[in-house]
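Here are some notes for your review. Please read them beside the model.

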Amino acid sequence: MDAIQEIKNRLDIVDVVSDSVQLRKSGRSYSGFCPFHPNSRTPAFHVFPETQTWHCFGACADGGDLFSFVMKKEGWDFKEALVNLAQRAGVTLEERSPANKSQEDAQRRQTDLLTAAADYFHQLLLHAPQAEHAREYVAARQLTAETQAVYRVGFSLGSWDACRTHFNSQGYSDDELLDAGLLTENPDKGTRYDRFRNRLMIPIRDINGRVVGFGARTLEKDGIPKYLNSPQTELFNKSHLLYGLDMAKPFIREARRVVIVEGYMDVMQAWQAGFQNVVAQMGTALTEDQLRSVKRYTKRFVLALDADAAGLSATMRGLQVARETLDRELEVRFDARGLVRHEGRLQADIRVVTLPEGNDPDKIIRTDPAQWPRLLEEAKPVVEYVINLLTKELDRGDAKEKTSIAQQVLPLINDIGDPIERDHFWQLLARSLGVDQRVLRQITVPQKAPRRGSRSSSTSAASPQVPPPPERRRLGNSSLSGQAANDFRQRNYLRQCFQYPQLVAQINLKLAESKMDQVSESDFIAAEDKVLLRHLYQQLSTGTVVTIEKLCDSLDELLLNRVQLLLTPPPTPEAELDRLADTLVLSVFDWRLQRIKLRNAEIEGLFSERNDPEATERSDLYQLIREGHVQIQSINRAKNAMSAVSRRRAEDADLGGF
Ligand SMILES: [Zn+2]
């Protein structure tokens, strides 16, 4: 990961801005007096933790990300900001070695390919005549159009080479398609063909929203396998990923807990019902890496397991036996002992709830959403859950059975670091089995793994219940996915313009013909992109022929790295530049539409916060929303005004020509 992203991951814009601006939480955002213009009556300056952006709705009408805030506040250039923020975040800035660089370039190219593939499959789901049955399937699952768009749900054609042909024509080689897991190779014959055929495509994104692979559900009755995943790659590592985390993270922080379910559909269904702190494990037992990736947002985990996956007692016992013989990670979905150890090492509070037989979260939320939060409240600490599970059908008269249960549960209890908690579960087990505690303590259990780590605080059953957080949210927050789409559009604009600087003037000309502003720094959110655009314009304004080498010469080393990353995707042949300019103009329209929609949603969010009474009286904000609507109309008009021919041509190019 590059240093800029790492810094953004580690620092919270709210903390950084709070150093110099007194912020007050108002609902989902923070407000204060703008440090960049005289303003002392109404707080015009807002920070949005979800998108990690800031915006002044007052005189400056400016906004951006963490970097652009400190650059503006301190008068730093990009490099100064980078050095200072890196220090604050504890990120070491290293000069990239050529080996690292080429590896990063390849990785970037692969995520670009996967992102493009997600878009390709999504467009097929929406428009392809062959996708009728797939559309019926998502309709039957009651996924709204918005949910489908937010998660980029897609469809792969029932063909052996449609995907391959499409991306070959975009300049990707078969080797690259194979590495990205879009092609499969027959090891005997050496033939290569599309991995995903006639499947519902669910892009899997990492914590930063980059597409790293796919989960693909069969659309054939009794199709095998039901879910086909991308192959394991460096990017797509199932033991590190949690599905939906990129979208859920701000909501996890806000709800102060994360709910872990089993399926992609469960996550999407929960999201659209307003339960947005839900993620899915990836078909294996939860790993410590997965839990660690969430730990930044909360230490309270709830596992909502399907009844069959809860591993009922048979699986529990099978697991214990397997563990003693193999003592290594197995492909099981519920690993109680692992969880207890993770809990200790992470100082977390992990609870488990089993859903009623025959139900999964998807079904419960669709049929009776009110049942969902009630079920979660019933979640029990792991050890208590296991004790309940094993003793549920215990015949009190069966002494051998009692011994067997004790021998399974005691290792779990022994893994608990905190002595008070340990004692609590000794007592619980004794009561559940109807035996004396002293007897239990005489049972010797072979101690397989040494206890590691210790718990500094007792967080589970022994401590009083924390009141349940407000987990249900308003529907309709797609700001994160909207921003991701814009990042992609803007990166594409920059990379094409760095490749073919003459495009800048062509695009601006077309924008002017449509009576639209030329592309400017205010179009961009990320500080590094603003800076890159400035460099591009400076070079062009000298009136000399701009070459990439010349551009690169004028750039700081760190920005240079970013430009070089931007340069890696497939260049478009020069002959088609005009067509490319059309595509990019459309893309500028789209990102501006998205920006205005996001901004209006942010402003509307300010109104609906009950604890910000001032906002509702702010006619200047209403004015901004009205202006936004006017802008949306004129952009849409401009889009329509581009001649039908060139528009169709441009859209074809944008979708890669299907
Ligand atoms: Zn301002």
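Are Asp-590 and Lys-639 buried or exposed? Point 1 takes this up, after a word on conventions. This is a predicted model, where local features need pLDDT of at least 70 and side-chain atom pairs count only at pLDDT 80 or more, while totals for chains, interfaces and linings use all residues. Residues are numbered from 1 along each chain as its sequence is written, and side-chain values use heavy atoms, with hydrogens and water left out.

1. Asp-590 is buried, and Lys-639 is too. Buried means under 20% relative accessible area, exposed over 50%, and partly exposed in between (1.4 Å probe, protein chains only). Their side chains meet in a salt bridge, 2.8 Å from N to O. A salt bridge needs a side-chain nitrogen of Lys or Arg within 4 Å of a carboxyl oxygen of Asp or Glu. The pair links distant parts of the chain: Asp-590 sits in helix H26 (residues 577-608) and Lys-639 in helix H28 (residues 619-641), 49 residues apart. Helices (H or I, at least four residues) and strands (E, at least two) are DSSP runs, numbered from the N terminus.

2. The salt-bridge count comes to 24. Arg-257 pairs with Glu-377, with closest N and O atoms 2.8 Å apart. These two are 120 residues apart: Arg-257 is in the loop between helix H10 (245-255) and strand S12 (258-261), Glu-377 in helix H16 (residues 371-377). Arg-257 is buried, at 5% relative accessible area. Glu-377 is partly exposed, at 34%.

3. Now the metal site. Cys-34 (SG), His-37 (ND1), Cys-56 (SG) and Cys-60 (SG) coordinate the zinc ion at 2.0 to 2.3 Å. Donors are N, O and S atoms within 2.8 Å of the metal (3.2 Å for Na, K and Ca); water is not among the atoms, so sites may look incomplete. The 4 donor atoms subtend angles of 102 to 116°, so the arrangement is tetrahedral. That label requires four donors with all angles between 85 and 135 degrees. Cys-34 and Cys-56 are buried.

4. Next, a sheet. 5 strands form an open sheet with mixed pairing, in the order S13-S12-S14-S15-S16. Strands S13 (278-280) and S16 (380-381) stand at the edges with a single partner strand each, so one side of each lacks a neighbour in the sheet. Strands pair if DSSP finds at least two bridges between them. S15 (residues 349-354) and S16 run antiparallel, joined by 2 bridges. Val-352 has Lys-380 in S16 as its bridge partner.

Conventions. Four donors count as tetrahedral if all angles lie between 85 and 135 degrees; four count as square planar and six as octahedral if opposite donors are over 155 degrees apart and all others between 65 and 115; anything else is irregular.
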